[in-house]
Amino acid sequence: MTLNIVLVEPQIPQNTGNISRTCAVTGARLHLVGPMGFTVDDKKLRRAGLDYWHQLDITYYDSLDDFFARNRGAFFYFTTKGRRTYCEASYPDNCYLFFGREDAGLPEELLRQHPDSCLRIPMRPALRSLNLSNTVAIGVYEVLRQWSFPGLERQGQPRSFCWEDLPRDTNEEENS
């Protein structure tokens, strides 16, 4: 299954670096639509993505027109202006999650053209928005949850002990 993350004109390199890391650990493809507020060799971008750059599948575009000329699929637009929540959508294979500039969001003309595909993350009314990298992570993991986390490890293993060697947790037994 393929998940695509589209950042439209990102402005803050640390956000894009964090999003790159999320894409690397989940296997999502990253699409960067310009113009961007930084260069891809920006130290802040690289630092936020750490050592995962070789694990990324990234495609660059000059504009939204360039992006739409080269891609087809189910498009979902994450925006504070959406009428539905991101949990109400059903995400098919090869879908694209769009996220806009940190200071302006997605172009409103794009939202007007696709009203049923505009999705919102619920938040308190008087506050503007979540951080872009947090918003992307929420969207990515909702899609992966619906898909049952394909290709991802569901259990971690500590270095200093083995889970199977421990006695059962009494709270776990009470909740069973």
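I began with the exposure of Asn94, which is partly exposed at a relative accessible area of 28% (buried means under 20%, exposed over 50%, partly exposed in between, with a 1.4 Å probe and protein chains only). Asn94 sits in the loop between strand E5 (84–85) and strand E6 (95–99), where helices (H or I, at least four residues) and strands (E, at least two) are DSSP runs numbered from the N terminus. I also noted that Asn94, although not a glycine, has a positive phi of about 65°.

I kept in mind that this is a predicted model, in which local features need pLDDT of at least 70 and side-chain atom pairs count only at pLDDT 80 or more, while totals for chains, interfaces and linings use all residues. Residues are numbered from 1 along each chain as its sequence is written, and side-chain values use heavy atoms, with hydrogens and water left out.

Next I looked up Ser148, whose phi is near 65°, a positive value in a residue other than glycine. Ser148 belongs to the loop between helix H5 (132–146) and helix H6 (170–175), and at 52% relative accessibility it counts as exposed.

In the loop between H5 and H6 I also found Trp163, which is partly exposed with a relative accessible area of 43%. From C-alpha to C-alpha, Trp163 and Ser117 are 42 Å apart in space, and they are 46 residues apart in sequence.

I then checked the peptide bond from Gly34 to Pro35, which is cis, with omega near 0°. Pro35 lies in the loop between strand E2 (29–33) and helix H2 (43–49).

For helix packing I took H1 (residues 13–26) and H5, which pack at an angle of about 15° with their axes 8 Å apart (axes are lines fitted to C-alpha atoms, for helices over the stretch in contact, and angles run from 0 to 180 degrees between N-to-C directions). That angle makes H1 roughly parallel to H5, a term for angles under 35 degrees.

Last I turned to the largest pocket, which holds about 450 Å³ of space. A pocket here is an open set of points on a 1 Å grid over the protein atoms alone, where a 1.4 Å probe fits, with protein on both sides within 12 Å along at least five of seven lines, and lining residues have an atom within 4 Å of a point. The volume is the space filled by probe spheres set on the points. I listed 23 lining residues, of which Thr80, Arg101, Gly105, Ser129 and Leu130 lie nearest the centre of the pocket.

Key: Angles under 35 degrees count as roughly parallel, over 145 as roughly antiparallel, 65 to 115 as roughly perpendicular and the rest as oblique.
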